[in-house]
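Trainee: Could we go through the charged side chains together? I'd like to go slowly.
Mentor: Of course, have a look at this first.
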Amino acid sequence: KLTKITDGAVTFDGSGDYLSGTSTDTFVSDAQYTIDGFIYLNSAPGNNAGEVIFDAGSSGGDTELNVFNNNGNIQLYESQSNNTNWNGGASYMGVKRWHYFKQTVNGSSATDASATHKLYIDGKLGVSNTINLSSRSASSVFAIGARTGGSVEIDAIISNLRYRSVLDDSLTVPTEPLTNVTNTKLLCCQSNTSAIAAAVKPGTITAN
């Protein structure tokens, strides 16, 4: 089930709420890509624990973007990078407010063992490290709001989540709605109006 879908924003309540897709090579064949969208955290993950925004595979070596509580500091975390260090370029995330998040990968090939990986919050670079693209599965399922098996679910509202097979390391925060441009796959929670503006209106989002 999904708790609520309102004007393109989807509420995941952290208990049985997630979206999943069929197997595809889209998420494992690109050497360069960008994943971005908007998120509103209803609550913080437990200390030293994460909750999944996006999971593109069935094993621990695949792409998995988390919101991670690092001793009280909420940040983005990519499971492939094995690195929770945050360099301070972006502020930590807050609860009960919207953030624009972005993840970029810049590899020399689809099997690059040390591709450059960056995470951004609200148009500021938070961390840059490396990930091993060769560890991705040859055929991946994907999930939004949890791991592909339904664990590590997130308590948040997500809107305008998209995957682009291009590198976008700009510091620009885009205007909603994010558009279906070339090399872009809209994955979730898209509408023709601003989901953020709609979602924060009193009474718009309610739990079932």
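Trainee: Is R147 buried or exposed, or in between?
Mentor: R147 is partly exposed, with a relative accessible area of 35%, where buried means under 20%, exposed over 50% and partly exposed in between, using a 1.4 Å probe and protein chains only. This is a predicted model, in which local features need pLDDT of at least 70 and side-chain atom pairs count only at pLDDT 80 or more, while totals for chains, interfaces and linings use all residues. Residues are numbered from 1 along each chain as its sequence is written, and side-chain values use heavy atoms, with hydrogens and water left out.
Trainee: And which side chain does R147 meet?
Mentor: R147 forms a salt bridge with E64, at 2.9 Å from N to O; the term means a side-chain nitrogen of Lys or Arg within 4 Å of a carboxyl oxygen of Asp or Glu. The two are 83 residues apart, with E64 in strand 6 and R147 in the loop between strand 11 and strand 12, where strands are DSSP runs of E with at least two residues, numbered from the N terminus. E64 itself is buried, at 7% relative accessibility.
Trainee: New topic: what about D168 and K102, buried or exposed?
Mentor: Both D168 and K102 are buried, and their side chains meet in a salt bridge of 3.6 Å, N to O. D168 lies in the loop between strand 12 and strand 13 and K102 in strand 8, so the pair ties together parts 66 residues apart in sequence.
Trainee: Which residues are linked with them in a network?
Mentor: Salt bridges link D36, R162 and R164 with K102 and D168 in a network.
Trainee: How many salt bridges are there?
Mentor: The count comes to 7 salt bridges.

Key
Helix = DSSP H or I, 4+ residues; strand = E, 2+ residues; numbered from the N terminus.
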